[in-house]
Amino acid sequence: MVVAAGLVHLSSFSGISRSGYNEFLALHYSSEDVLDVLNKKGVLDDVGYMWSLSRGNRSSVYWSNASNISKRYLEDMIPYHMGYKLLMEGQEICNSSWNPNRTTEIKKDSETHATRLLVGYGENATVFGKTARAALTKIREKITSEFIYFGGFVGEGNLSQVLFLPSDATVQSAYIEVNAGNDFDLYINGLQCGGTFNPVGGGMDASIKDASGNITSCSPLISNRGSNPNTFELRFTGSNISQQYIGGGFIEVTYNTTEMDTDAETGSMRFYLPGIEGIINYYSSFYVPGWVTSINTNISFKSNYTTFFTVGDKSVFRLNGSNTSRQIYNSSADLLGSGLFSQSELSEKTVPIRVGTEGMQYSYTLERGNADVVLITDVSGSMDWRIGYNDNTAGEERSCCSMPWTSGGVIRTVGPRAYGVTSGDYDGDGNLDLISGDSDGQVELFFNDGAGGFSYQGIIRDVGSYSGGLASGDIDGDLDVDLISGDSDGQIEYFLNDGTGSFSYQGIIRDVGSYACGLALADFDGDLDLDLISGDEHGDIEYFLNDGTGSFTYQGIIRDVGSYAWGLAPADFDGDGDIDFLSGDRNGDVEYFSNDGAGSFTYQGNVDNIGSRAYGLNAEDYDSDGDMDFIRGETSGEITFYSNDGSGSFTFEEIIGDVNVRINELTSGDFDGDLDTDFVVAEHDGDLEYFNYSGVWPQWPECFANQTDNPIFFNDTQRLSLAKCLDKYFVETLLNDSDNNVALVDFSTSASDSTGVGLTNNTNILENAIDSYTEGGGTCVCCAINRAYEILNAGSTPARDKY
């Protein structure tokens with residue numbers, strides 16, 4: 001967005017009598033300094049933006065915002081014996097006449113002016129400081145996009161949607177990306193856009209996209225503006241109406257406009273249903289980001305068959321077919337006032353909607369019959385399989401429930417031992433880079449290309465030996481990411497970044513004795529700068545306050561945790577808005593310290609003991625549930641995940657990786673730009689290894705939603721209960737379609753006939769049989785497959801041979 005800020009003009013005047021020339025210089029320097037600071041801090045941009053939105057209307061809230069922001073800073077920065085006024089493109093934004101302590105313009109002895117040009121150009125003005133005779137006549141302009149979204153399923157038949165553009169919009173490009181069931185022609189305002197669109201591929205992916213979706217050549221057809229909508233029609237060319245649908249997608253129109261606020265926050269939103277010429281069959285959803293206070297619906301349709309409209313799990317209407325067109329309006333009183341919906345049902349959540357027809361039959365070429373399914377369940381427990389975890393239990397380790405991180409390989413071997421790793425955007429390009437430390441004392445820098453590809457940049461400094469303690473953050477308040485390191489001599493050292501990834505050594509913060517290999521930066525006292533905690537060979541965790549400029553003051557020892565307090569992970573673990581921390585030591589203890597918000601810490605106890613060397617600790621919201629979890633590395637090389645319930649109570653969940661060598665440090669973040677959390681491991685063999693988030697967390701079924709134990713560690717009774725839960729869910733889901741039949745073959749206590757059931761669509765019979773599952777017996781997979789084959793082939797009831 002280009003801000004129409006133009007020239008900013010600050011007039012300052014003084015009433016103090018002194019040498020005229022010196023007075024003028026002092027006044028002028030003060031004015032120039034004030035505008036410099038406001039410009040560099042972005043305040044002038046904020047004022048200019050508010051001013052541009054006001055469009056010269058002094059009674060608008062935007063003008064008030066521009067005035068209030070200006071006065072807030074000018075009052076603090078300009079000496080009290082001076083008066084001032086601030087102008088934007090000649091329009092006075094504010095002045096100091098309201099303050100009796102300041103010199104008025106009438107009583108001034110001296111006056112000066114300071115001027116700045118925002119974004120380079122002013123409206124109808126030449127470039128400041130130049131003699132160019134050209135001027136821009138339209139600076140208030142932006143490029144943006146409008147979208148037509150297709151829901152989860154839109155069909156079946158020809159489809160239409162509308163799109164509105166501002167009155168002065170100039171279309172720059174257009175693009176369509178959809179999952180289409182069949183070939184279609186696209187019409188815009190009644191005129192065809194190009195030739196027929198032919199879907200490529202299948203499944204859930206977009207079948208019209210990339211080059212085939214570029215419809216910029218059709219921009220002249222998108223000719224309507226303002227309240228006159230542009231109508232986009234998808235006219236399917238195939239004869240099979242069951243394939244005339246869109247399974248999700250969008251049309252994007254990019255345009256420029258001088259209307260700056262095309263998406264004003266009005267407190268209301270409108271959801272458009274598509275036009276469907278055929279069989280009404282529509283699935284979608286909407287999301288309201290706030291609290292719903294009123295809602296109404298207005299649907300027009302003509303259908304010879306029963307037509308229904310549901311929102312969430314509630315029926316809004318169900319009407320018999322008719323040969324006439326109908327328009328059904330439901331007011332907020334009908335929907336909220338009647339109690340059909342509560343406000344909480346519709347607020348701040350995704351709500352599914354469904355419009356469809358009932359009682360319709362049609363034929364198509366593809367034959368579809370019923371599904372006969374035999375469900376085979378092993379309830380014997382005789383295999384003793386463990387899923388995803390090896391604790392010396394007899395049986396086979398399975399990987400079907402592995403966590404969603406995979407190794408992306410070794411980034412670099414940085415020395416005999418990789419003792420430290422930290423991450424931050426060191427070169428200011430928006431990507432998370434890396435800094436490593438090794439047993440030789442070399443601190444090395446790696447730049448990220450944004451996709452998780454790291455390039456070696458060289459050695460920042462050789463600190464002697466064991467540069468294991470590394471921490472990154474903006475320590476001096478200049479908005480770039482600086483570095484702190486520790487070494488085997490106990491020295492904690494400080495490096496300033498110039499914003500490009502070039503670091504300058506600043507000296508030693510403190511000598512803590514020996515092996516300062518545990519460091520963490522966070523705002524522990526709530527004053528908006530980054531403080532420091534350190535851990536050393538003796539087990540002391542020490543605390544340093546930052547004054548905001550990178551000058552640290554020693555505050556003392558928080559706690560002695562035994563020896564080698566090298567694992568430190570700060571985060572708000574209890575959800576109270578301040579930064580707590582976890583520590584890990586050589587004995588394998590992971591301990592939790594809560595913060596009172598002022599930097600006073602309370603020991604909360606031992607989270608877990610892993611045997612030895614709990615050095616690699618890192619905190620993030622790894623399971624995306626809104627609270628801060630942690631991962632830890634072990635001497636064995638296993639990386640394990642602990643979930644947080646939001647109050648600082650942690651539960652061991654799963655092993656998410658294994659590098660087969662001791663782990664010394666971890667750092668995490670979105671290294672490949674896909675908006676999820678990856679991590680990098682510093683390993684005892686010198687390797688830096690990258691783990692990429694590549695999937696989703698396993699989700700347990702709703703019938704086990706309140707289960708507190710990890711299903712991986714269930715005993716036979718718990719596993720049997722889970723089997724019943726899953727089998728019932730499977731049966732109910734399959735029998736939602738009345739054409740389907742299900743049979744059961746299970747391994748029960750008896751080694752002879754089971755409690756299995758032949759093919760049926762009777763849910764009660766099947767669920768009663770599932771409830772009768774009991775533990776024990778033997779396992780014969782071949783027997784189960786033979787019984788299933790007999791059932792499907794002859795429809796016979798299941799007989800069980802002894803085995």
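These are my notebook entries on a predicted model of one protein chain.

**Ground rules**

I number residues from 1 along each chain as its sequence is written. As the model is predicted, local features need pLDDT of at least 70 and side-chain atom pairs count only at pLDDT 80 or more, while totals for chains, interfaces and linings use all residues; side-chain values use heavy atoms, with hydrogens and water left out.

**Entry 1: the whole chain**

I began with the overall counts. The protein chain has 8 helices and 46 strands. Helices (H or I, at least four residues) and strands (E, at least two) are DSSP runs, numbered from the N terminus. Of its 803 residues, 47% count as buried. Buried means under 20% relative accessible area, exposed over 50%, and partly exposed in between (1.4 Å probe, protein chains only). I then looked up contacts, meaning heavy atoms within 4.5 Å. Among those between residues at least 6 apart in sequence, 59% join residues at least 24 apart.

**Entry 2: the cores**

Where do the nonpolar residues gather? I used this rule: a nonpolar core is a set of buried Ala, Val, Leu, Ile, Met, Phe, Trp, Tyr and Cys residues joined through side-chain atoms within 4.5 Å. The largest core has 49 residues, and Phe 184, Leu 186, Phe 232, Val 311 and Leu 346 have the most contacts inside it. Strand 7 (residues 170-180) gives this core its largest share, 5 residues. Another core lies apart from it, with 20 residues, among them Leu 44, Trp 63, Ile 78 and Cys 94. I went back to Phe 232. Not counting residues up to four places away in sequence, Phe 232 touches residues including Ile 148, Leu 186, Ile 222 and Val 253.

**Entry 3: strand 30**

I looked next at strand 30 (residues 518-522). It is largely enclosed by the rest of the structure, because 5 of its 5 residues are buried. On one side sit Gly 518, Ala 520 and Ala 522, on the other Leu 519 and Leu 521, and all are buried. In a regular strand the side chains alternate between the two faces of the sheet. Strand 30 runs antiparallel to strand 31 (residues 531-535), and 5 bridges join them. Two strands pair if DSSP finds at least two bridges between them. Ala 520 stands opposite Ile 533.

**Entry 4: Asn 618**

Is Asn 618 buried or exposed? Asn 618 is buried, with a relative accessible area of 13%. It is found in strand 38 (residues 616-620). Its side chain makes a polar contact of 3.1 Å with that of Tyr 622. Another, of 2.3 Å, joins it to the side chain of Ser 668. A polar contact is a pair of N or O atoms within 3.5 Å; within protein, one must be able to donate a hydrogen and the other to accept it, and residues adjacent in sequence count only if both atoms are side-chain atoms.

**Entry 5: aromatic rings**

Rings of Phe, Tyr and Trp (its six-membered ring) pair if their centres lie within 6.5 Å; planes under 30 degrees apart count as stacked, over 60 as edge-to-face and the rest as tilted. I find 35 aromatic pairs by this rule. Phe 147 and Phe 250 have ring centres 5.9 Å apart and planes at 65°, so the pair is edge-to-face. Phe 147 lies in strand 5 (residues 142-150) and Phe 250 in strand 11 (residues 245-257), so the pair ties together parts 103 residues apart in sequence. Phe 147 is partly exposed, at 34% relative accessible area. Last, ring pairs link Tyr 419, Tyr 466, Tyr 515, Tyr 564, Trp 566 and Tyr 615 into a cluster.
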